[in-house]
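Visitor: Good morning. I am new to this structure and would like to be shown around its pockets and one of its helices.
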Amino acid sequence: MPGLAERLLYRVAKRWIAGYQLEDVVKAAHDANGRKLHVILNRLGEHTPDRGLIEEYTQEYLRLLDAINDQGVDGTISVKPSQLGLAVDPLLFKSNLEKILDRAEQRKRFVWLDMENSPYTEATLRAYTELLADHPGLGVCLQANLKRTQKDLQNLLTNGGKIRLVKGAYPEDLSIAYKKRSIIDSNYKRLMEMLFKAGDNFAIATHDTKLIEEAQRLSKENNKSFDFAMLKGIRDDLKEKLTSQGYQVTEYIPYGPEWYNYSKRRMRERKRNILLLVRSITG
Ligand code: FDA
């Protein structure tokens, strides 16, 4: 039985996550599909050195792929490299990812790689590049707050990489990352221009109205296949507006008992979310 603090926080976190179980995320996925949204499903959990747990996460993704196939969900999955073994051994990670990719290919589903904090960037991109030739249905997330990303994007675009562009959720050191919001935003814009010029089948993953408007403008000048991607529980109004305008919108829906770290990140992004927490405590 979770303690009082956990139960109160869960009351707030619930808007961002589907629940604890695989069945919860399938239900949330159907709900999102009913709102004309594609979905990206993610089993929470990261940075695990425990081989037993890594195997459980891998098996869970196989079950998730089966479930979305059998239950007619319009969606894909996204995995965190460090939950599949990257924190232990890059080869373990690659072999688990290959198992997932094989199943995803049988089920004709796309797989995304989440991008975690900077100690994992190089190894994630290396594995991505190595696997891409044999697995074209694999995409990777890139973070606009990292100084290296422009170069990474250039490289990936020449290899036909499929990119989900985000601002970046992890606190990083000034030596490798932009810290000022305005600089991160202008870098995002620059990277987005590169995607519309030289990429295809990419995702503009942000809730930032200005950047979304810029993407809409760029999409009129460049005939590219892309979607807008947003997190569960954030800017539902904007998701609805964009789908009604004919844009493809995808909702990223996480689930699992490891919801605490994920929710902390969402709290950090917006002070008003802390107020929600206080209100849920004070009733
Ligand atoms: P920004 O934070 O500037 O927010 C813009 C506006 O969106 C705000 O003004 C507010 O209206 C709304 N908003 C944003 N966050 C909110 C919140 N928590 N609650 C309420 N409103 C909020 N990161 C990463 O490092 N690796 C990854 O793999 C991914 N994957 C990923 C997938 C998808 C589909 C999305 C949308 C995001 C990610 N992220 C991510 C997270 C990303 O890096 C970033 O932390 C968040 O998207 C918040 O940044 P915005 O681009 O929305 O801009």
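Guide: The second largest pocket holds about 370 Å³ of space. Please keep in mind that this is a predicted model.

Visitor: Which residues lie nearest the centre of the second largest pocket?
Guide: They are His38, Thr76, Phe110, Trp112 and Asp227, out of 20 residues that line the second largest pocket.

Visitor: How much space lies in the largest pocket?
Guide: The largest pocket contains about 1500 Å³. Its lining is made up of 45 residues, and those nearest its centre are Lys167, Gly168, Ala169, Arg266 and Glu269.

Visitor: Which elements give two or more residues to that lining?
Guide: Strands β4 (138-143), β5 (162-166) and β7 do, together with helices α7, α10 (259-269) and α11 (271-282).

Visitor: How do the residues of that lining divide into nonpolar, polar and charged?
Guide: In the largest pocket, 19 lining residues are nonpolar, seven are polar and 19 are charged.

Visitor: Let us change topic. Where is cysteine 141 found?
Guide: Cysteine 141 belongs to strand β4.

Visitor: Why does cysteine 141 count as buried?
Guide: Cysteine 141 counts as buried because its relative accessibility is 2%, and the cut-off for buried is under 20%.

Visitor: What is cysteine 141 in contact with, leaving aside its neighbours within four places in sequence?
Guide: Beyond those neighbours, cysteine 141 is in contact with Leu113, Asp114, Met115, Arg164 and Val166. As for asparagine 201, which is 60 residues from cysteine 141 along the chain, the two C-alpha atoms are 13 Å apart.

Visitor: Now the helix, please. How many residues has α8?
Guide: Helix α8 has 13 residues, numbered 209-221. From its first C-alpha to its last, α8 reaches 19 Å, close to the expected 18 Å.

Visitor: What caps the N-terminal end of α8?
Guide: Aspartate 208 does: one of its side-chain oxygens lies 3.1 Å from the backbone nitrogen of lysine 210.

Visitor: Which residues of α8 are buried, and what covers them?
Guide: The buried residues of α8 are Leu211, Ile212, Glu214, Ala215, Gln216, Leu218 and Ser219. Among the elements covering them are helices α7 (181-198) and α9 (236-244), as well as strands β6 (202-205) and β7 (226-231).

Notes:
Residues numbered from 1 in each chain as written. Predicted model: local features only at pLDDT ≥ 70, side-chain atom pairs only at ≥ 80, totals over all residues. Heavy atoms only, no water. Helix = DSSP H or I, 4+ residues; strand = E, 2+ residues; numbered from the N terminus. Expected span 1.5 Å × (residues − 1). Buried < 20%, exposed > 50% of the residue type's maximum accessible area, 1.4 Å probe, protein only. Contact = heavy atoms within 4.5 Å. Polar contact = N/O pair within 3.5 Å; in protein donor to acceptor, adjacent residues only side chain to side chain. 1 Å grid on protein atoms, 1.4 Å probe; cavity = no way out; pocket = protein on both sides within 12 Å on 5 of 7 lines; lining within 4 Å. Points joined across faces, edges and corners; volume = space filled by probe spheres on them. Nonpolar A, V, L, I, M, F, W, Y, C, P; charged D, E, K, R; others polar.
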